[in-house]
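Okay, hi everyone, thanks for coming. I'd like to walk you through one model today, so let's get it up on the screen.

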Amino acid sequence: MARNKLQVFTDFANMLLPHETAYLLSVQQLADQKKLAILKAVHLNCTNIRQFTPFDVNIDKRKYSNLKNWVQKKLKVIDVDQEFNWMIELERQIMTDALLPEQERVLIKKIKTYEHPTFFFTKFYELALAYRHYLLIRLRYKDYELTEQFLQKNASAYQESNRINEQLHEATRDITQQYADHNTESIQWERWLRSVFFDERLDGHNRYMAFVRLSFIAFNYRKFDILWEAMEYLDNSFSKGIYYSKRLLLNYYHLRMLLHAKIGDFDQAVHYGFLSIRGKNNDYLFYINNLSAVLLRAGRAQEALQVMRNASPEMKASKNFHNKVGFVAFYVQCLLKNQMLTHAVNYCSSFLKAYEKEILQYRWHTFFSAYLEALLLQQKFRDILLLEERLQLLKLEKQYQNRTDYTPSVAWYIYCAQYKNEQLSKEDFSQKLQVYLQEYAGQTPQNTSLDALLQTLRQVAPEIINYLHLAYKYSASS
């Protein structure tokens, strides 16, 4: 009953992020000690998201409502995405000759008081370019001169930002191509990306883009040390409200989740993962998929399943098949870990019938690794062989082997089905597995996923896997 009285405020507070509340506490000048106490309670819950402390119901409900409005206004003022939206709208007003006097007063003041660099500097510069035309044709010489001075003063910075942005595009092509097919290198961009990110003379948009691309390189090459300094820099900046937006904070938490998961720090990874889904944007489903994968690795299968079920409406509405197919694969893994084998098989079968073309185009290996595992654990060996015959999965797998994160799950599930269906001898099955183990046994990055694969196969063919797993462990540790 008491909790319901503050449900609206509680729901609002549960969507706030610790860097937001840390900033608010650093700038607050609240004379009302009860409002300050509420703000501190909100911050406590934001930093301890797994242990909710109820708010004081004895405080006047109007104080909660007033504080909510205060929080929203304070964050809106520093939100770089809000400023970008304002610039887009103002540019539209200028281009359609619909600029209002109050809008002009705000724009002129921003031009007068501009301090370089801002986050979306290039957009602001282009807004000033449009405004310059608007002024000159109307013989508004005084405001024109002010705008012209701003443009001349910042022309070289604008050119530099555009040059860097173009070079970021070149880096992105190499980085994403390496991520997609692993036939290119991107490590050559590491030093330059670091220099862009740490250069405080540059606009925030280019700097954050450099950080994201640096993260890709760190994960592609497993060079996690290159990220820690950048992470701490951002952590400090966001707490001060520098370059703030909820979108950027959610992305930052997601990348921190991935980083902590890569080094095996699952408690921290899960903490940041749950923070990353406290807001819904275009990347929400992507964050959900990765959080569920981390929860599964942390042995928290029931939580992972609940997270995915909660996000099911977003998956159904999504048009992004990379995320959609990934969601299905991770959801099936959650079902398997929760011993819901029949549900897992039926779910995959229905999805394949509806979206076969999209599956083969987007993350087919992730999908079929999950689907074949479900079929194997249900001992539906014939169904696996029919899928291989119809879709030529072994040929697809052969083209997939050059990835540095490759684990031969699809091929091994098919070999196991062939063995159980007496199409492959015990010796031939063992030999196919040994070839891979001998090549990769000493490469520890594959150990976690390879161990999981061997554990699955052991449930179906223990007479083969027990011996191979021991040999693999011995080789990997020697």
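Let's begin with a pair of helices. Helix α16 (residues 284–297) packs against helix α19 (residues 321–337) at about 25°, and their axes are 9 Å apart. The axes here are lines fitted to C-alpha atoms, for helices over the stretch in contact, and angles run from 0 to 180 degrees between N-to-C directions. The helices themselves, at least four residues of H or I, are DSSP runs numbered from the N terminus, as are strands, which are E runs of at least two. So why do we call α16 and α19 roughly parallel? Angles under 35 degrees count as roughly parallel, over 145 as roughly antiparallel, 65 to 115 as roughly perpendicular and the rest as oblique, and α16 and α19 are therefore roughly parallel to each other.

Their crossing is left-handed, meaning the near helix is turned anticlockwise from the far one by less than a right angle; clockwise would be right-handed. On the α16 side, the contact is made by L285, F286, I288, N289, S292, A293 and L296, and α19 brings N323, K324, G326, F327, F330, Q333, C334 and K337. Contact, by the way, means heavy atoms within 4.5 Å. Sorted by class, this contact of α16 with α19 has eight nonpolar, five polar and two charged residues. For those classes, Ala, Val, Leu, Ile, Met, Phe, Trp, Tyr, Cys and Pro are nonpolar, Asp, Glu, Lys and Arg are charged, and the others, Gly among them, are polar.

Quick housekeeping before we go on. Residues are numbered from 1 along each chain as its sequence is written, and side-chain values use heavy atoms, with hydrogens and water left out. This is a predicted model, so local features need pLDDT of at least 70 and side-chain atom pairs count only at pLDDT 80 or more, while totals for chains, interfaces and linings use all residues.

Now, α16 has another partner. The axes of α16 and helix α14 (residues 246–262) come within 11 Å and cross at roughly 25°. That makes α14 roughly parallel to α16. The crossing of α14 with α16 is left-handed. From α14 we get L250, N251, H254, M257, L258 and A261, touching F286, Y287, N290, L291, V294 and R297 of α16. The class count for α14 with α16 is eight nonpolar, three polar and one charged.

On a 1 Å grid over the protein atoms alone, a cavity is a set of points where a 1.4 Å probe fits but cannot get out, and a pocket is an open set with protein on both sides within 12 Å along at least five of seven lines; lining residues have an atom within 4 Å of a point. Points are joined across faces, edges and corners, and a volume is the space filled by probe spheres set on them.

The second largest pocket has a volume of about 840 Å³. It is lined by 32 residues, and the closest to its centre are I78, V80, E83, T118 and F119. Which helix gives the most to that lining? It's α6, with five residues. The lining of this pocket splits into 19 nonpolar, six polar and seven charged residues.

As for cavities, the count comes to one of 30 Å³ or more. The largest cavity is lined by A13, N14, V42, N45, C46, F52, F55 and R278, and helix α4 (residues 33–47) supplies the largest share, three residues.

Last, two backbone details. H116 and P117 are joined by a cis peptide bond, with omega about 0°, and P117 is in the loop between α7 and α8 (121–136). Then there's L139, where phi is near 60°, a positive value in a residue other than glycine. L139 lies in the loop between α8 and α9 (141–153).
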